[in-house]
Every structure is written in structure tokens, then in C-alpha cells.
Amino acid sequence: MNEELSVIGLILGASLTVKLVMATLVAASVTSWFMIVQRVIILQRANAELVAFEDRFWSGMDLAQLYRDGSDAIDAGTDITGGEALFRAGFKEFSKLSRQPNMDAEAVLEGSRRAMRVALMRESDRLERHLPFLASVGSTSPYIGLFGTVWGIMHSFRGLATSSQATLAAVAPGISEALIATAMGLFAAIPAVLAYNRFASRVDALLNRYESFVDEFSGLLQRQSYAQRRGASE
Amino acid sequence: MKSDQLYIVVVPAFFAVLVHLLFGLAMEGGWTSTSPVMTAQPQVIQASLVSLTKPIKRQAQPKPKSEPIAAPKPQPAPNPEPIVSSEPPAERQEPSDPEPSDPEPSREVRLAELQKELMAGLDELPDAEGGDGSEIDEVQQVASLMQARIAQNWRRPPSARNGMEALLIISLVPTGEVVGISISQGSGSNAFDQSAIAAVERVGQFPEVTVLPISDFEQYFRRFPLRFKPEDLRY
């Protein structure tokens with residue numbers, strides 16, 4: 001009656017189904033924590049990058065120079081992401097199109113906008129990667145845990161039916177071990193849901209800032225292109 | 001750039017494993033600390049059982065210390081009477097190898113019946129008065145521990161029936177060793193009486209009594225009657 005009730009012992013004593021459920025939940029929990037920490041790092045970086053890039057962008061430096069700096073960085077092996085990627089996509093398209101003759105300002109602007117929209121999509125893909133996984137861990141793992149628990153309790157009650165004496169001690173360990181599955185499910189789900197909500201709102205905020213940067217930059221390009229056309233026509 | 005990609009994989013992986021290890025350790029630690037509570041439970045139950053044997057003191061006091069040995073038959077009924085009865089049909093089916101987890105839950109069932117019994121017995125005793133608390137409590141606790149141990153070691157013969165009753169007189173020395181067992185009132189079934197004696201012999205020693213002051217030991221446990229009743233049999 002004094003046998004040690006340890007979590008490890010209970011887990012090892014569980015039936016195969018419950019063990020499988022627990023293994024699934026542990027895997028889901030570890031993976032979701034991995035992704036949570038990874039998202040934290042990536043989103044923090046994206047934020048810092050955007051702030052630094054906007055500083056440089058609005059410092060009044062030559063945009064062609066900014067573009068060339070970026071190209072140098074790419075040659076050096078750095079990945080260009082975030083606001084700078086948007087800028088590069090838009091600027092590249094703009095300079096390509098405006099070098100062509102018989103291009104009116106509208107078409108040039110439209111082309112560079114489209115290029116930036118594509119880059120924006122790529123950015124949002126990059127930021128939102130793995131978020132659906134967190135969402136599904138958050139919503140399904142309590143159910144998986146519950147399944148393990150119900151299964152375990154079913155088994156311990158079946159054991160009770162075959163024994164002549166209905167004692168609490170006959171079912172208690174089984175129920176206790178079964179409840180571990182629910183605990184694991186909740187342990188996996190709670191951080192995943194919290195992280196998903198937090199990350200989703202942060203990604204939204206970042207994408208909003210990207211979009212407003214795209215708008216501001218295309219405003220700049222518009223001014224530039226009309227100035228060019230007028231200069232050419234006069 | 002390579003190192004950066006590695007960083008984005010290794011750091012999260014490290015954190016994920018760390019979080020789970022910490023959580024696992026916390027759970028493990030928490031659980032082992034709760035286990036003593038589980039073992040303490042039976043003692044609470046025993047205390048409530050024994051509070052009903054209060055009259056012990058009133059009866060025992062008038063006796064001079066040395067007397068109990070000299071006068072072996074001071075009417076058994078009024079003496080302290082730890083009533084031992086034990087449960088389990090399950091135990092009876094396999095007397096040689098009882099399941100270790102069995103006696104505990106069954107004790108609760110037994111307790112309910114014991115309490116009823118004791119209540120009935122109490123009414124018959126004239127003017128029970130309250131004793132002073134702590135000393136009596138200690139004695140009662142020891143008595144209930146002893147009862148529990150004997151009950152666990154009691155393997156009743158198949159011929160045991162409700163209504164049988166055997167009264168044993170047990171003599172102890174201060175170390176708790178049993179030095180004498182005699183049948184004061186047989187049940188009529190030799191097998192039943194022998195099983196009661198065997199239960200006490202199987203326990204052999206009651207180290208519980210060594211915690212008591214020697215005067216209490218002399219008063220309550222030097223010689224004491226023990227009643228064996230299979231009241232809780234279910235047939």
C-alpha cells in the first residue's frame with residue numbers, strides 16, 4: 001500500500017494506447033516549444049531589421065546607393081529579408097522598367113507595385129510559417145489527452161468489474177495514470193494557444209508596417225517617375 | 001549565414017528540451033512529496049476508531065501496578081478491549097499469500113462495523129467519564145496500531161462464522177515482545193481459537209509500545225485481553 005506513486009512509474013505502467021497518446025503529446029509539446037522559441041527569435045529579428053532599415057531609408061541617403069549596399073550584402077552571403085527585401089524588389093522593377101523606352105509612368109509604377117506585393121507575400125509566408133501547427137496543437141492536444149484519459153479510465157473500470165472487491169485502490173492508480181494524459185494535453189495546448197495568439201497579432205502588426213512601407217515607397221517612386229517623364233517630354 | 005541557421009535551430013531546440021525537463025522534474029518532485037500523505041491516512045482512521053474505547057482508563061486505574069499478573073482474572077469485559085476483527089474474504093481464499101494492497105481498503109469497511117460494535121458496547125458500560133486527553137490518545141493510538149497489525153495477520157479458518165468470539169489474554173514485556181498468550185474464553189471452535197493465537201504469534205512483537213512511558217505500559221499493555229470476532233464476514 002506504500003508503493004511509490006511516481007509519474008515515471010505510472011507512465012510505464014500505462015497501457016499501450018495511453019502510452020502512444022502520451023508519446024504523441026510529448027512530441028507535439030516539444031515541437032511546439034521549439035517553434036515558439038524559433039518564432040520569438042525570428043519575429044524579434046524582423047522587427048529590429050525593419051526599424052533599422054526604415055532609419056536608413058528615411059535618412060535621406062541615395063536609394064541607388066542603398067540598393068547597391070544590399071547587393072553587396074547578398075554577395076557577402078547575407079539573407080535580405082523584411083523591409084529591405086520589399087525595397088529591393090520594388091526598386092529593381094522600377095529601374096528595369098523605367099530604363100525601357102515607351103513606358104508610361106503608370107505602367108512602371110504598376111510593375112514595381114506588383115513586384116513589391118509579391119515580395120510582401122513572401123515575407124508574410126516567412127513570418128507565418130509554423131503558426132498553423134501551433135494552432136492545431138493548441139486546439140487538438142486537449143482532445144488527444146482526453147482520449148488517453150478516457151481510454152485509461154475505461155480500462156481501470158473494466159479491471160474493477162472482474163475483481164471481487166470494489167476498492168478504491170483497485171482503480172485509483174489506473175485513473176491517476178490516465179489523468180496524466182489530460183495533463184500532458186493541457187501542458188502542450190496552453191502554451192501553443194497563447195503563443196499562437198501572440199504571434200498572430202505580432203505578425204499582423206509587422207505586415208501592416210510592411211504594407212505602409214510599400215505604400216510610402218510607391219508614393220516616392222510615383223513622384224520620381226512623373227518627374228522623370230516630365231523631364232523627358234519637355 | 002550557416003551559423004545563423006544553426007542558431008535558429010539549436011537555441012529553440014535547447015529551450016524546448018529544457019522546458020520539458022524542468023517540468024518533468026517538477027512533477028516528479030511534487031509527486032514524491034505527496035506520497036507520505038497517503039500513508040498517513042490510515043492513522044487518522046485509527047484514531048477515530050479508538051476514541052470510543054475511552055472507558056479503558058477508568059477501569060484500569062484502580063488496579064495496582066503489580067496486580068495484573070498476580071490476579072489473572074479481573075473480569076475480562078471491563079478491561080481495555082482492543083477488538084480485533086479482520087476482513088477480507090480475499091485473504092481467506094489465499095491465506096498463504098495475501099495481496100499487500102488488500103488490507104488497507106478493507107480496513108475502512110471493517111472500521112464502520114467496528115465502530116457500530118463499539119458504540120453498542122459503550123452503552124452497556126456504566127457511567128463512562130472523559131479522561132485527560134493526550135495520554136489516553138497515545139495509548140489509544142498504540143492500541144489501534146496493534147489491532148491493525150494483528151488484524152492483518154489474522155487468517156481465519158473456513159469454519160469461522162459470524163457470532164464466534166474468542167477472548168485471548170496477551171502478556172507483553174516492555175520491549176513489546178509477546179511472552180504469553182492464553183485463551184480466556186474460547187469460541188467453541190478450536191480452529192478459530194488457534195487462528196487467533198496464530199495471528200498474535202505471527203506478529204510476535206509490538207514495537208509500538210516502546211514509545212509509551214513505562215507506567216502506561218504497565219497499566220494498559222502488560223496484560224491485556226483481546227477479543228477476536230469475525231463480525232464482518234459476508235455470509
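Is Phe217(A) buried or exposed? In this predicted model, Phe217(A) is buried, with a relative accessible area of 0%. Let's see what sits around that ring.

Phe217(A) pairs up with another aromatic residue, Phe87(A): their ring centres are 5.2 Å apart and the planes make an angle of 55°, so the pair counts as tilted. The two partners come from distant parts of the chain, with Phe87(A) in helix α4 (residues 83-99) and Phe217(A) in helix α7 (residues 168-233), 130 residues apart. Phe87(A) is buried too, at 0% relative accessibility.

Now look at helix α2 (residues 16-57) of chain A, which holds both Phe53(A) and Phe57(A), four residues apart, or about one turn of the helix. Phe53(A) has a relative accessible area of 3% and is buried; Phe57(A), at 4%, is buried as well. These four phenylalanines belong to one aromatic cluster, along with Trp58(A), Tyr67(A), Phe91(A) and Phe213(A).

Time to hop over to chain B. Here strand β2 (residues 166-172) and strand β4 run antiparallel, joined by six bridges. Within this pairing, Ile169(B) stands opposite Pro225(B) of β4(B). Strand β4 (residues 223-228) is largely enclosed by the rest of the structure, because five of its six residues are buried.

Our last stop is Ser195(B), in helix α7 (residues 190-203) of chain B. Ser195(B) has 9% relative accessibility, so it counts as buried. Leaving aside residues up to four places away in sequence, Ser195(B) touches Trp154(B), Arg155(B), Arg156(B) and Pro157(B).

Note on methods:
Residues numbered from 1 in each chain as written. Chains lettered and ligands numbered in written order. Predicted model: local features only at pLDDT ≥ 70, side-chain atom pairs only at ≥ 80, totals over all residues. Heavy atoms only, no water. Helix = DSSP H or I, 4+ residues; strand = E, 2+ residues; numbered from the N terminus. Buried < 20%, exposed > 50% of the residue type's maximum accessible area, 1.4 Å probe, protein only. Contact = heavy atoms within 4.5 Å. Pairing = 2+ DSSP bridges. Phe/Tyr/Trp six-rings, centres within 6.5 Å; stacked < 30°, edge-to-face > 60°.
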